[in-house]
Amino acid sequence: MSRARKAAKIDLLESKVNELETENHRLERLVQDLQRQVLAYQEQQLQQLQAQAASGRSENGQLW
């Protein structure tokens with residue numbers, strides 16, 4: 001009886017480990033995707049600032 005309970009508990013824990021590993025991989029992919037989005041946004045903002053600086057105007061349209 002005790003061995004059967006222990007085996008069942010081990011099976012349950014192994015199952016939980018597999019679930020958590022799967023979730024961890026999903027979250028790692030999500031983090032990577034979000035990091036790519038942040039970099040793309042930062043590059044876009046930098047390009048806009050560079051374009052504004054090249055035209056000699058600030059964000060509100062006034063000359064620098």
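The legends below describe several views of one predicted model. Residues are numbered from 1 along each chain as its sequence is written, and side-chain values use heavy atoms, with hydrogens and water left out. Because this is a predicted model, local features need pLDDT of at least 70 and side-chain atom pairs count only at pLDDT 80 or more, while totals for chains, interfaces and linings use all residues.

**Figure 1. The whole protein and its secondary structure.** Of the 64 residues, 2% count as buried, where buried means under 20% relative accessible area, exposed over 50%, and partly exposed in between (1.4 Å probe, protein chains only). The accessible surface comes to about 6100 Å², and 56% of this surface belongs to carbon and sulfur atoms. Accessible areas come from the Shrake-Rupley method with a 1.4 Å probe; for residues, only the protein chains shown count as cover.

**Figure 2. Helix α1 and the residue that follows.** Helix α1 covers residues 2-55. The helix has 54 residues and spans 79 Å from its first C-alpha to its last, close to the 80 Å expected at 1.5 Å a residue. The expected span is 1.5 Å times one less than the number of residues in the helix. After α1 comes G56, with a positive phi near 75°.

**Figure 3. The salt bridge between E23 and R26.** Two salt bridges are found in a search of the whole structure, a salt bridge being a side-chain nitrogen of Lys or Arg within 4 Å of a carboxyl oxygen of Asp or Glu. In the one between E23 and R26, the closest N and O atoms are 2.8 Å apart. E23 and R26 are three residues apart in helix α1, and therefore separated by about one helical turn. An α-helix has 3.6 residues a turn, so residues three or four places apart point the same way. E23 is partly exposed at 34% relative accessibility, and R26 is partly exposed at 40%.

**Figure 4. The salt bridge between R36 and D33.** Here the closest N and O atoms of R36 and D33 are 4.0 Å apart. Both residues belong to helix α1 and stand three residues apart, about one turn of the helix. R36 is exposed, with a relative accessible area of 53%, whereas D33 is partly exposed at 32%.

**Figure 5. A nonpolar surface patch.** L27, L30 and L34 make a nonpolar surface patch of about 230 Å². Patches are made of residues with over 30% relative accessible area and no salt bridge; like charges are joined within 9 Å, and nonpolar side chains (Val, Leu, Ile, Met, Phe, Trp, Tyr) within 5 Å. L27 lies in helix α1 and is partly exposed, with a relative accessible area of 35%.

How values were computed. Helix = DSSP H or I, 4+ residues; strand = E, 2+ residues; numbered from the N terminus.
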